[in-house]
Amino acid sequence: MSAYVISEVEMRDAAGFEAYRIIAAKTIAQYGGRYLVRRGVANLIEGGPPPKTIIVVEFPTIERLREWYASPEYAEALKVRQTALDRRLIFVEGVAPI
């Protein structure tokens, strides 16, 4: 069953953000993930507060997603992330095929 990483991101440092993005993208692909939404325009329809930059990544399973997040490769991106951006990060499992 697929699993998803949903990130709500606010950039603090443009150069750092770009460095993080490059490292993260490489590791996501390495662990079988793929971007579904990447810096797309988010329109608030109900509720609040207004959304920041939204990123959605799909992984084949929640186990693979967790392997990616705990990997030594992604640890390099996390070091950069600390100063480059603020974010909310959510892991969610998809629904089983019917």
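Helix α1 (residues 14-30) and helix α3 (residues 72-84) approach to within 9 Å between axes and cross at roughly 155°, the axes being lines fitted to C-alpha atoms over the stretch in contact and angles running from 0 to 180 degrees between N-to-C directions. α1 is therefore roughly antiparallel to α3 (angles over 145 degrees). The model is predicted: local features need pLDDT of at least 70, side-chain atom pairs count only at pLDDT 80 or more, and totals for chains, interfaces and linings use all residues. Residues are numbered from 1 along each chain as its sequence is written, and side-chain values use heavy atoms, without hydrogens and water.

**Helix pair**
- The crossing of α1 past α3 is left-handed (near helix turned anticlockwise from the far one by less than a right angle).
- On α1 the contact (heavy atoms within 4.5 Å) is made by G16, F17, A19, Y20, I23, A24, T27 and Q30, and on α3 by E73, Y74, E76, A77, V80, R81 and A84.
- The contact of α1 with α3 comprises nine nonpolar, three polar and three charged residues, with Gly counted as polar and Tyr as nonpolar.

**Fold**
- Three helices and four strands make up the chain, as DSSP runs (H or I, at least four residues; E, at least two).
- Their order along the sequence is β-α-β-β-α-α-β.
- The radius of gyration, 14 Å, is close to the 13 Å of the globule rule for 98 residues, so the chain is as compact as a globular protein of that length (C-alpha atoms; 2.2 Å times the number of residues to the power 0.38).
- The C-alpha trace spans about 40 × 40 × 15 Å along its principal axes.

**Confidence**
- Mean pLDDT (the predictor's confidence in each residue, from 0 to 100) is 94 for the chain, with 100% of residues at 70 or more.
- Confidence is lowest in strand β2 (residues 34-40), mean 91, and highest in helix α2 (residues 62-69), at 98.

Note on methods. Parallel < 35°, antiparallel > 145°, perpendicular 65-115°, else oblique.
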